[in-house]
There are 6 protein chains.
Amino acid sequence: MFMHNKRLQYTVRVSEPNPVLGSLMLEQFGGPDGELAAAMRYFTQGLAEDDPGRKDMLLDIATEELSHLEVIGSIVAMLNKGVKGALSEASMEEADLYMTINAGGDSHTQSILYGGGPALTNSSGVPWTAAYIDSRGDPACDLRSNIAAESRAKIVYERLINITDDPGIKEALGFLMTREVSHQKSFEKALYSIQDNFPAGKLPGLTPYASLYVNTSQGEGDATGPWNEGEQWERLDDVEGNLPLDGGDGQASVQLGERDMQDYAAMMGRLASDPNSSPATGADLGAGPGAGKLSDEDMGGAADMAEAKAMSRKQSAL
Amino acid sequence: MFMHNKRLQYTVRVSEPNPVLGSLMLEQFGGPDGELAAAMRYFTQGLAEDDPGRKDMLLDIATEELSHLEVIGSIVAMLNKGVKGALSEASMEEADLYMTINAGGDSHTQSILYGGGPALTNSSGVPWTAAYIDSRGDPACDLRSNIAAESRAKIVYERLINITDDPGIKEALGFLMTREVSHQKSFEKALYSIQDNFPAGKLPGLTPYASLYVNTSQGEGDATGPWNEGEQWERLDDVEGNLPLDGGDGQASVQLGERDMQDYAAMMGRLASDPNSSPATGADLGAGPGAGKLSDEDMGGAADMAEAKAMSRKQSAL
Amino acid sequence: MFMHNKRLQYTVRVSEPNPVLGSLMLEQFGGPDGELAAAMRYFTQGLAEDDPGRKDMLLDIATEELSHLEVIGSIVAMLNKGVKGALSEASMEEADLYMTINAGGDSHTQSILYGGGPALTNSSGVPWTAAYIDSRGDPACDLRSNIAAESRAKIVYERLINITDDPGIKEALGFLMTREVSHQKSFEKALYSIQDNFPAGKLPGLTPYASLYVNTSQGEGDATGPWNEGEQWERLDDVEGNLPLDGGDGQASVQLGERDMQDYAAMMGRLASDPNSSPATGADLGAGPGAGKLSDEDMGGAADMAEAKAMSRKQSAL
Amino acid sequence: MFMHNKRLQYTVRVSEPNPVLGSLMLEQFGGPDGELAAAMRYFTQGLAEDDPGRKDMLLDIATEELSHLEVIGSIVAMLNKGVKGALSEASMEEADLYMTINAGGDSHTQSILYGGGPALTNSSGVPWTAAYIDSRGDPACDLRSNIAAESRAKIVYERLINITDDPGIKEALGFLMTREVSHQKSFEKALYSIQDNFPAGKLPGLTPYASLYVNTSQGEGDATGPWNEGEQWERLDDVEGNLPLDGGDGQASVQLGERDMQDYAAMMGRLASDPNSSPATGADLGAGPGAGKLSDEDMGGAADMAEAKAMSRKQSAL
Amino acid sequence: MFMHNKRLQYTVRVSEPNPVLGSLMLEQFGGPDGELAAAMRYFTQGLAEDDPGRKDMLLDIATEELSHLEVIGSIVAMLNKGVKGALSEASMEEADLYMTINAGGDSHTQSILYGGGPALTNSSGVPWTAAYIDSRGDPACDLRSNIAAESRAKIVYERLINITDDPGIKEALGFLMTREVSHQKSFEKALYSIQDNFPAGKLPGLTPYASLYVNTSQGEGDATGPWNEGEQWERLDDVEGNLPLDGGDGQASVQLGERDMQDYAAMMGRLASDPNSSPATGADLGAGPGAGKLSDEDMGGAADMAEAKAMSRKQSAL
Amino acid sequence: MFMHNKRLQYTVRVSEPNPVLGSLMLEQFGGPDGELAAAMRYFTQGLAEDDPGRKDMLLDIATEELSHLEVIGSIVAMLNKGVKGALSEASMEEADLYMTINAGGDSHTQSILYGGGPALTNSSGVPWTAAYIDSRGDPACDLRSNIAAESRAKIVYERLINITDDPGIKEALGFLMTREVSHQKSFEKALYSIQDNFPAGKLPGLTPYASLYVNTSQGEGDATGPWNEGEQWERLDDVEGNLPLDGGDGQASVQLGERDMQDYAAMMGRLASDPNSSPATGADLGAGPGAGKLSDEDMGGAADMAEAKAMSRKQSAL
């Protein structure tokens, strides 16, 4: 069960209201690498985890991330405090309030729709979605996903720190950023305390394909490095000459029953394209005589227009 | 700051695994009226709230809803425990596992993608979205929204209770359902402890329109009741005869500058429809001679086909 | 069946084009509390409703909301009329058009993508989603949801009124705002004309939990009020000392069959974390000698590096 | 199988970085008519297509659209190259970087969240969704959808061309725009090389309704044209007098079994609205004595207040 | 303004409740080609349209589509009437109700969450989104989009007709399907009554690229037809040999200022990959000695393990 | 630029149609860890990458993932081939087709809406969204995200392999699964060939918080391991006693100007909750005399009903 103490994990001191900065901060409140995403990522994993050590760690960190959601959300609330009151009480002239609302970023929606409260959107106003969460119920996957997520959250905090000179905000963001580093370390330790964590799962890879590097992008700029060269790698440069890799015909096939075959024959007959036709089309009909348009040649020459006439004739004879 | 105790707020005893039931329970985990929605609704309001009493209440209830998220998520985890192990260890024949995976509902995705962990989706697999949260930063609105949300959560729990006979699940769901009733009562009290809460906001309504009931749906089934009849209401039955309500011309207009006027003239000339044309169309071209099709009459008669021929001729002469 | 008269329910007179203001107005066209949401909320309820009075009311109000969608959409169309023509006819220098497009808010997308027509997005460009609609098929829920929705729509209109000094727009918005007040009154009357509407549904709450207030957020700022104190409430302050509320062990459990037990044993053995390990990790490998990085102590000391060497040795011996 | 050459299909020469212009260009990268949408539209159709000619064409064009995705994405990457470096290296004062980040459009999110890389969003930051793709597995539908999609992509490119004076960007956009025209022509030809393509599918329309034009929007502005008048059309002006079109009762009905009937009777009894009640409501309770509020008359007069008192009395007597 | 008559445009007679069939019917209620999408598509176009003929047509058809939304929604409501009552009144044993809820499709969510009312989702429960609507504010695009949309709606109705043998439903679906055919015809006429409608917009295509067919998908199955061969087409088969098409270097470039250059140098130095390194990786650390895993060779040989040891040594010396 | 060869990278041989299995396979076509997500993840990173080695690798792997999208999409197309023809030609009795459509999973929507073509949805029908892609423009983050994504894709393929006994499908899935392992190895090598990759970015963490483990989840089940114990960690168990960590007051504050202060005073006065009130509420009004409801005690006793009466009296006196 969760409990709450009204003190924040880290004190928030904001120098002055700034709704535009507030809307940027939302990236770590309701954005894809924000604190709700972090908390829910670890919480859902923790609920399903059976290993007692990992379960405890996941619940510890999930709970702390909720506390971080509170810190970053409090920063947003403070930054919006001016516009919230002004809009609620309509204390300014309309034209002044209009200017305040339109100062930049996504702050207009945060004011009009959310009334200055911290909304679970990113800095563009996109509502948070659980599509951001990639828990898969396998610790060798989930811990890697957590490691990556912490590194992303770290970089986004770093960018936010770089754009504000409010010392209180900078300090709180620095705290939050550092905690991501610490959490990444915990997840790394947890991953490698599973003795056999690569590749994830039980099934081994198929030997011929596990060390193959397929050089599908060629031309100027082709490069080598430890990711495609060396003892670990067999490299395939003649991609097209080795299609398919399994030595088959490279086709997709399925065995259809008799009834299905009949349906297919009927469908293909009904919907066949005639490769030898030269049909008039809607584009032909629509290409008017106006200037600034594609020329006659682009639109098709005499051949298919004759066809068009023939078809028109046939239809009008019906 | 949040803290966590590993004991649940309510003990969860599940009789046996059942992933289909598990996928239905997700409605209250990651669905629109589920516990994450509830927690985030109150938490975001609490962060922005300045009234000390409401702030405390919102944080109390938000925190409890997180604890309910844990309870319902634990029910899902228990119900999925069989399929999780079977899929992870591949201990069954493929055909048996295929049957297990396809037992119903959305449980197939919960198994394949989420590995049996509780996912933040509803019972159809739709990922949770902050679009479910309607906090607006005004307590007279937000408390009404909370009251409504609690009543919805109550009814969904009631429906889930009605479809399972597992006594441990029924008991835990009953607890969760009851807490929604209790929370609704708190929000009601908080709403009415604001002396002047209707209508929300500061602006009064415009007198002529505030008590008007517009009978826009007519015909058999027209009914009266306290919502459209009585001292509070002035009723408008002749809707079309009173258009517009303001006595103007009922048109939309804007004053354009000279340059804008020129642009509009150019655009309208370029894109004008010719009401007197009788053009051949793509549909005319595409209506083949096949059986089971619309008849000749449906497709247009001789008049516009002559036109089509003429147009074709013109184009082929280009 | 629906019918339409080209006159608006309320005349729209816009002083001059302003695409930024137009993009703010979208909040009530394609936003979560906008007129499409309102219309669809009541229309879907009306289709399923069996009570003749409520059905009629829901269809009356749904139809009127569609008419309001037309009014607010017409305001948007008028405000965008300048940029629409200019962009269509490319009558300005590129640099001037670029400035016009980037005047603020979300108006750039409204111009580039939607060509100045009213788009079903909110003021941040988020497409309207039926996730905004919370009809649940129970009138005691749905009417409360409608009451809340009307109060939200009222406040958003009020905020829009506060930021524009165009008298024609102000007047039309005032009309629309007032109608929300009127609709809220109708839904209130309809709710309370159901004799027994609280709590929603048939199932009673469980007595011990229906009047309990759980004080989960403590510390400075703990407050009381009619929502948690008084004759209606039993209050629980020692939350952690009363876990779980049911007197059980506060654990989640499920009875697994023999096969499931075997799977779990295998899975847990395979994926166990070793709490006594001191593994080298990817973070250890990645912490380079660069300045501006975490110090050696942060990255782990000698103990687990010895382990890393040992593991490396073991692997290179394979 | 796909292969890649690092040369672009068209050379991209950008004069100088401009992240705001970069965020507008995203409309054709990750927007609804952008190149990913185009590529995936044709690719998914191609995979399911059985007609060899159409299959080849769909794969040709899908592959080219991927190459266009690369061209437009490269434009975005070049336009963001300044802000990417500045933000990564934090080489400016915070206040200057803040100004750079907030220059307009959605570029703030592109910088903070996506680090200046081309993101699969539209110009408002809305993430790309497969909801944009309308492949239906029937060529007479899908080719029409493709024709329409190409015309939309053409117009969005035209708008982007109109707002920039960077000659290298203009040239590359002109190339991309022209290819959409060419692709539209191919799809038109493919559509009309199916002999019988209108209407799509096998089922004929029902004769009485296929040529009927229903004049549902009346009043000033009623107009005629070839879309509702002429030999092809039968026109219905008295809409309400001809309800329903089938001559039945215009009601929706279902035959319920006995048990269902009983449930309905119970439900309707339980939830019936009392049309003759005059209930006090939450709005009545909430309408305080404050100034700037709806007047007494709006809120209901004495009648239902007496009722409220009576109800209160009844309840307090329980 | 909209008005409503409670009679449906077409009578709905359903033989018996069937919630699974009801959930399939949702495809045309809240699905991408459903009636809400149709109505909103034409309505938003109509609001912005200036041509009086097209405006009238768009509003006529938009209004009729709303009436169709009512017809298909009424079918859904009738099909769900059994489960709605049963769930509301809990008149069955839990196990029976559980079976009823899980009869197939997405009907479980329709019952539990939406209470049997028609929900604005598709047949998988995906909430309707305005991302389905592709109005672009240019009639030569929008009419083509409408034509395509009508053909898609027609085919989905045809599929629904093919899977039910309830005569009343079949009849109503046949009516709705036929109206789509009729609407497609209107939009075709309106498109071709614009004299010069191809390509959309004002800008001409660039001559060298407007008639070029790029054969990007080669190998077995390469085909020709009127879409890539004939007088209209210039065909490019040697794609790679003609890169880029403009004769430039096929690179993307931007001119950076001095400061930007410095940032880039710093960033690239800091983040350079060392192509000659042979680093130990997290995968190396994680590849345990377990059976059923990739072999030693797959995981990298001695060389980079020596490096790993060296790095470990270096780090432990810090 | 991309080119395409119609041969697949791996031959697809499907034994017989099975649309339910097809809908499960969609998880790797249009699901969050599917091949489109993989391709777009690496492609967007490659476009913005400046390091030549990484850029080449990202484009190589992106291109191969598109080829995998083709392989898995071809499997889906083959599995759906029966239902596609049957539905298109309506060759079965309606009741039989209804059974075929409703065989399980999400295959009903795949048939009705997508016509049997592979749709870019996951196995629940959720449309693919770019919210799945977490490219952040920093290689130390992005490579970690890629490593995690490959491990997730591996496990989902493993699960799909475990549920089918079709040998051709198993073989192709095994190939695809193995390639994910190979790609993970490449990304690992690329990450560690950046000398200094932890933590991501330039900013160091703050020393006091980088090695702190906060034990926020306590009670039975508290555990230790290398993730929270040992030389690397300082551990905080008395969480509440150390609030906030910075030694401040743990409050959020902002300095408001005079005008803002006035607005706040007005707003708080207007919206204050009265903690000493005992208001009657909507719940009180709605709690009818029905059986099966909460008891009188739950709903509030005499005290606040007296208040309600008083308030009613006051209002009726207005």
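1. Two residues are said to be in contact when they have heavy atoms within 4.5 Å. The model is predicted, and in its chain A, among contacts with a separation of 6 or more, 69% are between residues 24 or more positions apart.

2. Chain A contains 13 helices and six strands. Its radius of gyration is 31 Å, well over the 20 Å that the globule rule gives for 318 residues, and chain A is therefore more spread out than a compact globule. Taken along the principal axes, the box filled by the C-alpha atoms of chain A is roughly 85 × 65 × 50 Å.

3. As to burial, 72% of the 318 residues of chain A count as buried, a class that requires under 20% relative accessible area.

4. Through which surfaces do the copies, chain B and chain E, meet? Only 6% of the interface residues of chain B are also interface residues in chain E, so the copies meet through different surfaces.

5. The largest cavity holds about 660 Å³ of space, and its lining is made up of 27 residues, with Thr129(B), Thr129(C), Thr129(D), Thr129(E) and Thr129(F) lying nearest its centre. Sorted by class, the lining of the largest cavity comprises 21 nonpolar and six polar residues, while no charged residues are found there.

Key. Residues numbered from 1 in each chain as written. Chains lettered and ligands numbered in written order. Predicted model: local features only at pLDDT ≥ 70, side-chain atom pairs only at ≥ 80, totals over all residues. Heavy atoms only, no water. 1 Å grid on protein atoms, 1.4 Å probe; cavity = no way out; pocket = protein on both sides within 12 Å on 5 of 7 lines; lining within 4 Å. Points joined across faces, edges and corners; volume = space filled by probe spheres on them. Nonpolar A, V, L, I, M, F, W, Y, C, P; charged D, E, K, R; others polar. Helix = DSSP H or I, 4+ residues; strand = E, 2+ residues; numbered from the N terminus. Rg over C-alpha atoms; globule rule 2.2 N^0.38 Å. Buried < 20%, exposed > 50% of the residue type's maximum accessible area, 1.4 Å probe, protein only.
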